[in-house]
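Biologist: I would like to learn how to read a few features of this structure. Can we take them one at a time?

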Amino acid sequence: MGLSRVGGAFQMSESYLSTIFKEQAGINFAEYLETMRIEEACGMLKDSTLTINEVAERVGYNNVRTFRRAFVRVKGVSPREARQE
């Protein structure tokens, strides 16, 4: 999912959607999407036996390193640490 795909679904340009989104949400679309993915991942980590790699894939990350970096950026702890909490 990306800004261009969402913009296309609502028949809006990326730049217009980006502007409106930031005005309404207070953060840009990429930050919002990253936060939503990581929140979903938190639930999967605590409530399943999925590996961290499987969780990363299910929430839309193609690379587990990118997922781990994003997770730490949003939550302040690694996925492994979050699973143990």
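Biologist: Does Gly-60 count as buried, partly exposed or exposed, and why?

Modeller: Bear in mind that this is a predicted model. Gly-60 has a relative accessibility of 37%, so it counts as partly exposed.

Biologist: Where is Gly-60 found?

Modeller: Gly-60 is in the loop between helix H4 (52-58) and H5. Its C-alpha atom is separated by 14 Å from that of Leu-3, with the two residues 57 apart along the chain.

Biologist: How are two packed helices described?

Modeller: One gives the angle between their axes and the distance between the axes. Here, helix H3 (residues 29-47) packs on helix H5 (residues 64-75) at about 95 degrees, and their axes are 10 Å apart. That angle makes H3 roughly perpendicular to H5.

Biologist: Which residues of H3 and H5 meet?

Modeller: On the H3 side they are Glu-34, Thr-35, Ile-38, Glu-39, Ala-41, Cys-42 and Leu-45; on the H5 side, Phe-67, Ala-70, Phe-71, Arg-73, Val-74 and Lys-75. By class, this contact has 8 nonpolar, 1 polar and 4 charged residues.

Biologist: What about the aromatic rings: how many pairs are there?

Modeller: Rings pair if their centres lie within 6.5 Å. The count comes to 4 aromatic pairs. Phe-21, Phe-29 and Tyr-32 form one aromatic cluster.

Biologist: Which residue lies over the face of Tyr-61?

Modeller: That is Arg-37, at 5.4 Å from the ring centre.

Notes. Residues numbered from 1 in each chain as written. Predicted model: local features only at pLDDT ≥ 70, side-chain atom pairs only at ≥ 80, totals over all residues. Heavy atoms only, no water. Axes fitted to C-alpha atoms, helices over the stretch in contact; angles between N-to-C directions. Helix = DSSP H or I, 4+ residues; strand = E, 2+ residues; numbered from the N terminus. Parallel < 35°, antiparallel > 145°, perpendicular 65-115°, else oblique. Contact = heavy atoms within 4.5 Å. Nonpolar A, V, L, I, M, F, W, Y, C, P; charged D, E, K, R; others polar. Phe/Tyr/Trp six-rings, centres within 6.5 Å; stacked < 30°, edge-to-face > 60°. Lys NZ or Arg CZ within 6 Å of the ring centre and 35° of its normal. Buried < 20%, exposed > 50% of the residue type's maximum accessible area, 1.4 Å probe, protein only.
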